[in-house]
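Subject: Structure handover

Hello,

Here is the structure I promised to pass on. Please open it next to this email and follow along.

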Amino acid sequence: MMIKRNNVAYHAKTKQCDNCGRISKASFPKDTKGVSFDSTIQTLVSYMKFDGRFTHPLLYRFFTGFGIRISYGEITTIMQRNSDKLAPSLKHLRTTGITLSRYLQSDATGSKRKHKRTGKIVSGHLHILGNSLLSIFKITRRYNAQVMNKLLGSNGRKKPFVSDDGSPNGECLACKDKQLCWVHEIRHYKKLFPFFNNHQKLQKKILGQWRKFYHVAKSYSPDPTVKKREDIESMFARITSQKTGYDLLDKQLRLTRKKEDRLLLFLKYPFLPIQNNQCEQDLREFVIIRKISGETKSTAGDRSIERHLSVIQTAKKQGLDVFQTLHGLLTGELSPAILTAKSV
């Protein structure tokens, strides 16, 4: 790999026609109009910030180390310009990407924005909506069913939906088919913390049964036979109908039985995952960036995170070269349709 400085300076010179007196201005290359850096540097700023997890000080040290004269403010300006250029790509993911998907998954984590003038920190939520080939990020102040309904849109609400059993994903969420995450469901049993030894043994016994059920359920998708479906339904009924004598454990078994339709939806749609691990992994990248770089400073910063992470993570899932895809979208050489070439 070769890294070289590109110190080309463009000087505009006006010319006047001798016959009519009309004054013509010199034209600049499109990727240098209004900025002091070429398109490669501009792409590299976004790539290193949102995929390389560089902070502003590290970006400044990296570029100045190669003799590139750049300031903190110019780094911010480049990222904001790139964010504006990626807006059509995010819109494409929220329309065409959702339309082409057979199912959707969702989760959320906390985000914070610090106002420059007052220093006040406002809490919010970063949502991830997608699947194994799609990632759409959105930062909102609230996390409830109304927000999720708006994020899904009319097309998204028609798709089978995979999530945990939090209140935003409850009855008010206008999705007909909901698959609850089995990892989160089994976690309810781990949180009981019984005091007596016999209660601890009962908890361990039930957890062992659910782990066995989980592995059987996981093997259903590759080979969804009628016999496997009957075995899974029978196993679920057998586990949830037990009465152990440990009140909290029996209560949890009854709660699980009430959610049978949402926990066993994967039997109707074998392509559905039985857990929400994909979203957990998608959110991890933002969580690391949040720990390293801290809060955003404006709503424009929130939009920048949404657009960059949506494009970068979707490109990775699609098997695309991240830098080349990002560069093509920012320069207009590639269509946003490249992000939805493959669909679930």
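Is threonine 109 buried or exposed? Threonine 109 counts as buried, because its relative accessibility is 18%. Buried means under 20% relative accessible area, exposed means over 50%, and partly exposed is in between (1.4 Å probe, protein chains only).

Some ground rules. This is a predicted model, in which local features need pLDDT of at least 70 and side-chain atom pairs count only at pLDDT 80 or more, while totals for chains, interfaces and linings use all residues. Residues are numbered from 1 along each chain as its sequence is written, and side-chain values use heavy atoms, with hydrogens and water left out.

**Threonine 109 and the sheet**

Threonine 109 sits in strand S3, residues 104–114. Helices (H or I, at least four residues) and strands (E, at least two) are DSSP runs, numbered from the N terminus. Leaving aside residues up to four places away in sequence, threonine 109 touches Gly124, His125, Leu126, Leu283, Phe286, Val287 and Arg290. Contact here means heavy atoms within 4.5 Å.

S3 belongs to an open sheet of five strands, in the order S5-S4-S3-S6-S7, with mixed pairing. S5 and strand S7 (178–180) are at the edges; each has a single partner strand, so one side of each has no neighbour in the sheet. The twist averages 30° from one strand to the next. Two strands pair if DSSP finds at least two bridges between them.

S3 and S4 pair antiparallel over 10 bridges. Lysine 114 has isoleucine 121 in S4 as its bridge partner. Strand S4 (residues 121–131) is joined to S5 by seven bridges, also antiparallel. There, histidine 125 is the bridge partner of threonine 140 in S5. S4 and S5 form a hairpin, with two residues between them.

Strand S5 covers residues 134–140. Six of its seven residues are buried, so S5 is largely enclosed by the rest of the structure.

**Helices**

Helix H3 lies across S3, S4 and S5, at about 120° to S5. Helix H4 (residues 145–156) lies across S3, S4, S5 and strand S6 (161–163), at about 25° to S4. Axes are lines fitted to C-alpha atoms, for helices over the stretch in contact, and angles run from 0 to 180 degrees between N-to-C directions.

Helix H1 (residues 39–50) has nine of its 12 residues buried, so H1 is largely enclosed by the rest of the structure. Among them are Ile41, Val45, Met48 and Phe50. The buried residues of H1 pack against helix H2 (56–65), H3, helix H10 (277–293), helix H11 (299–317) and helix H12 (322–331).

**Serine 101**

Serine 101 is in the loop between helix H3 (72–100) and S3. Serine 101 is buried, at 5% relative accessibility. A polar atom of its side chain lies 2.7 Å from the backbone oxygen of glycine 97. Serine 101 also touches Asn131, Leu134, Lys159 and Val344, not counting residues up to four places away in sequence.

**Cysteines**

How many disulfides are there? With a disulfide defined as a pair of cysteine sulfur atoms within 2.5 Å, the count is zero. Cysteine 172 is in no disulfide, and the nearest cysteine sulfur, in cysteine 175, is 12 Å away. That distance is too far for a bond. Cysteine 172 is exposed, with a relative accessible area of 56%. Cysteine 175 is buried, at 7%.

Best wishes

Technical notes. A polar contact is a pair of N or O atoms within 3.5 Å; within protein, one must be able to donate a hydrogen and the other to accept it, and residues adjacent in sequence count only if both atoms are side-chain atoms.
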